[in-house]
Amino acid sequence: MRGEKREQKKWITTVKSTMARINPFVFMLLLYFLSLLLPGNYSLWNQLKYSQEIRKQKREIAYLEKEIKQSTKALEELQFEEDMLEKYAREKYLMKAPDEDIYLLR
């Protein structure tokens with residue numbers, strides 16, 4: 001029992017003397033960087049995941065904006081040109097005139 005208490009006191013004094021020699025600013029800086037590596041909202045791992053997700057969503061936004069432009073252009077063509085409307089209906093919905101036959105080649 002007494003040996004354990006002596007060793008515990010010796011360990012405590014060793015830790016205290018080591019802490020006294022370390023600059024408190026360096027110690028706080030070390031704790032800060034250690035907290036960045038540990039799991040949490042501001043951990044390095046989460047920051048990498050968030051930046052990857054942001055890049056993915058930016059690519060998706062660019063793709064969808066391109067699709068919107070193409071759809072808007074196609075809509076304008078269909079609204080103002082009757083020939084384009086007929087062409088679109090024939091291609092997309094396989095519509096035909098009553099006296100026509102359609103053959104699909106693939």
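Trainee: Is Tyr93 buried, partly exposed or exposed?

Mentor: Go by relative accessible area: buried is under 20%, exposed is over 50%, and partly exposed lies in between (1.4 Å probe, protein chains only). Tyr93 comes out at 54%, so it counts as exposed. Tyr88, at 36%, is partly exposed. Keep in mind that this is a predicted model, where local features need pLDDT of at least 70, side-chain atom pairs count only at pLDDT 80 or more, and totals for chains, interfaces and linings use all residues. Residues are numbered from 1 along each chain as its sequence is written, and side-chain values use heavy atoms, leaving out hydrogens and water.

Trainee: How many aromatic pairs are there?

Mentor: Rings of Phe, Tyr and Trp (its six-membered ring) pair if their centres lie within 6.5 Å; planes under 30 degrees apart are stacked, over 60 edge-to-face, the rest tilted. That rule gives two aromatic pairs. For Tyr88 and Tyr93, the ring centres are 6.3 Å apart with planes at 80°, so that pair is edge-to-face.

Trainee: Where does Asn46 lie, and what does Asn46 touch?

Mentor: Helices are DSSP runs (H or I, at least four residues), numbered from the N terminus. Asn46 sits in helix H3, residues 44-80. Its relative accessibility is 13%, so Asn46 is buried. Contact means heavy atoms within 4.5 Å; leaving aside residues up to four places away in sequence, Asn46 touches Gly40 and Asn41.

Trainee: Which helix has the lowest confidence, and which the highest?

Mentor: pLDDT is the predictor's confidence in each residue, from 0 to 100. In the chain, H1 is lowest, at a mean of 77, and H3 highest, at 92. The chain mean is 83, with 97% of residues reaching 70 or more.

How values were computed. Helix = DSSP H or I, 4+ residues; strand = E, 2+ residues; numbered from the N terminus.
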